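Subject: Structure handover

Hello,

Here is the structure I promised to pass on. Please open it alongside this email, and my notes follow below.

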Amino acid sequence: MSDRPTVPQIRARKVRDGAEPLVMITAHDAPTARIADAGGVDMILVGDSLAMVALGYEDTLQVTIDDMVHHTAAVARARPEALVVGDLPWMSYHTGRHDAVRNAASLIRAGAQAVKLEGGAKRVSVIDAIVDAEIPVMGHLGLTPQSMHALGGFRVQAKSSDAAMALVEEAKALEHAGCFAIVLEAIPDVVANLVTESVNVPTIGIGAGSGTDGQVLVFGDLLGLDPARPPKFVRRYAQGFELLSGAVGEYVVDVRSGAFPSEAETYMRRRPPPTRWRSTAAVGSRRLAAPASRWGCGYRGARPSRLSPCSVMLTR
Ligand code: KIV
């Protein structure tokens with residue numbers, strides 16, 4: 001029996017009612033999902049930040065529903081205990097209710113238990129259709145990266161009093177449409193607190209202060225996988241880039257010095273090699289001395305004292 005939190009359990013997690021804050025983190029593949037899950041998070045978001053943190057794009061507009069399905073399935077194959085939320089990318093729900101439901105369903109079939117989409121009142125119609133298809137929807141307000149051109153870049157939102165009041169109305173519209181939780185990104189803490197007080201579903205902040213009903217961070221930000229300076233709202237819990245590149249550096253030194261692999265890391269043949277191997281190796285080394293071997297092994301000449309896997313292949 002899985003301990004995975006259910007959508008109704010998540011929906012009921014309001015801090016003002018005594019609940020513990022929700023913890024969500026992004027993951028984009030099976031290994032990161034396993035790490036996130038072992039850390040004990042409540043929810044894993046297969047976010048469209050995939051575009052920037054894993055695929056090297058400048059913004060999130062470049063990922064497609066096929067990319068998101070591919071990565072949601074990879075996360076789901078890790079069989080996490082956490083609830084998996086699949087992010088609907090740009091243009092997967094902007095073209096109408098039918099497309100929105102079909103694309104949301106493809107994330108569910110890939111292994112998500114819920115989907116997330118960006119925007120307020122103008123998304124109510126598609127949220128209504130997705131919820132009507134029995135698919136739980138998480139909302140996302142404030143800085144919505146899919147609207148980066150319309151917003152004029154990645155900027156803190158709802159700084160004026162009017163914008164703050166409008167944001168509260170957007171959040172109420174999402175709650176009314178059936179969203180079970182709402183992400184609040186890059187808004188002043190007081191505005192996030194006001195939204196959190198105004199709705200009965202949990203708010204999950206990222207750059208929205210400590211008064212929300214939960215927090216979400218991007219996996220690589222939290223673990224310091226990118227050497228660039230992170231945004232103000234990120235706390236790094238590990239210096240992942242330094243740690244991991246340092247480990248790769250040790251491997252490089254060990255290979256170049258001959259310290260890796262050792263006998264412990266080698267499949268050892270206990271019996272002495274038969275004499276005919278030596279003549280085979282000699283034939284192999286003659287062939288490998290040619291500019292490029294037929295097998296593309298890349299050796300420009302076999303080492304005389306050892307039988308390389310390539311020389312075995314050449315004479316098989
Ligand atoms: O795609 C993502 O990672 C997100 C989070 C920043 C909430 O939407």
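Start with Lys116 and Asp87. Their side chains meet in a salt bridge, at 3.1 Å from N to O. Lys116 sits in strand β4 (residues 114–116) and Asp87 in strand β3 (residues 83–87), so the pair ties together parts that are 29 residues apart in sequence. Lys116 has a relative accessibility of 2%, so it counts as buried. Asp87 is buried too, with a relative accessible area of 2%. The cut-off for buried is under 20% relative accessible area. Please keep in mind that this is a predicted model.

Both residues also turn up around the ligand. The residues that surround the ligand include Asp87 and Lys116. In the case of Asp87, a polar side-chain atom lies 3.3 Å from an oxygen atom of the ligand.

The ligand

Which other residues surround the ligand? Thr26, Leu45, Gly47, Asp48, Ser49, His140, Val183, Glu185, Ile206 and Val218 complete the set. For Ser49, a polar side-chain atom lies 2.6 Å from an oxygen atom of the ligand. For Asp48, an N or O atom in the side chain is 3.0 Å from an oxygen atom of the ligand.

The largest pocket

Ser49 comes up again here. Ser49, Met52, Val53, Val218 and Asp221 are the lining residues that lie nearest the centre of the largest pocket. The pocket has a volume of about 1100 Å³. Its lining takes in 45 residues. By type, these divide into 23 nonpolar, 11 polar and 11 charged.

Which elements supply at least two residues each to that lining? They are α3 (50–53), β6 (181–185), β8 (214–217) and α10 (219–222). Of the elements, α10 gives the most, with 3 residues.

How many salt bridges does the structure hold? The count is 5. Lys116 with Asp87 is one of them. Two others are described here.

Lys14 and Asp213 form one, with their side chains meeting at 2.8 Å from N to O. Lys14 lies in the loop between α1 (7–11) and β1 (22–26), and Asp213 lies in the loop between β7 (203–206) and β8, so this pair ties together parts that are 199 residues apart in sequence. Are these two residues buried or exposed? Lys14 is buried, and so is Asp213.

Asp99 and Arg102 form another, at 2.9 Å from N to O. Here both partners lie in helix α5 (residues 97–109). They are 3 residues apart, about one turn of the helix. Asp99 is partly exposed, because its relative accessible area is 21% and the buried class covers values under 20%. Arg102 has a relative accessibility of 47%, so it counts as partly exposed.

One more residue

Ile130 belongs to helix α6 (residues 124–132). Its relative accessible area is 0%, so Ile130 is buried. How far is its C-alpha atom from that of Val115? The two C-alpha atoms are separated by 9.1 Å, and the residues are 15 apart along the chain.

That is the handover. Please send any questions my way.

Best wishes

How values were computed. Residues are numbered from 1 along each chain as its sequence is written. This is a predicted model: local features need pLDDT of at least 70, side-chain atom pairs count only at pLDDT 80 or more; totals for chains, interfaces and linings use all residues. Side-chain values use heavy atoms; hydrogens and water are left out. On a 1 Å grid over the protein atoms alone, a cavity is a set of points where a 1.4 Å probe fits but cannot get out, and a pocket is an open set with protein on both sides within 12 Å along at least five of seven lines; lining residues have an atom within 4 Å of a point. Grid points are joined across faces, edges and corners, and a volume is the space filled by probe spheres set on the points. Helices (H or I, at least four residues) and strands (E, at least two) are DSSP runs, numbered from the N terminus. Ala, Val, Leu, Ile, Met, Phe, Trp, Tyr, Cys and Pro count as nonpolar, Asp, Glu, Lys and Arg as charged, and the others, Gly among them, as polar. A salt bridge is a side-chain nitrogen of Lys or Arg within 4 Å of a carboxyl oxygen of Asp or Glu. Buried means under 20% relative accessible area, exposed over 50%, partly exposed in between (1.4 Å probe, protein chains only). A residue is near a molecule or strand if one of its heavy atoms lies within 4 Å of it. A polar contact is a pair of N or O atoms within 3.5 Å; within protein, one must be able to donate a hydrogen and the other to accept it, and residues adjacent in sequence count only if both atoms are side-chain atoms.
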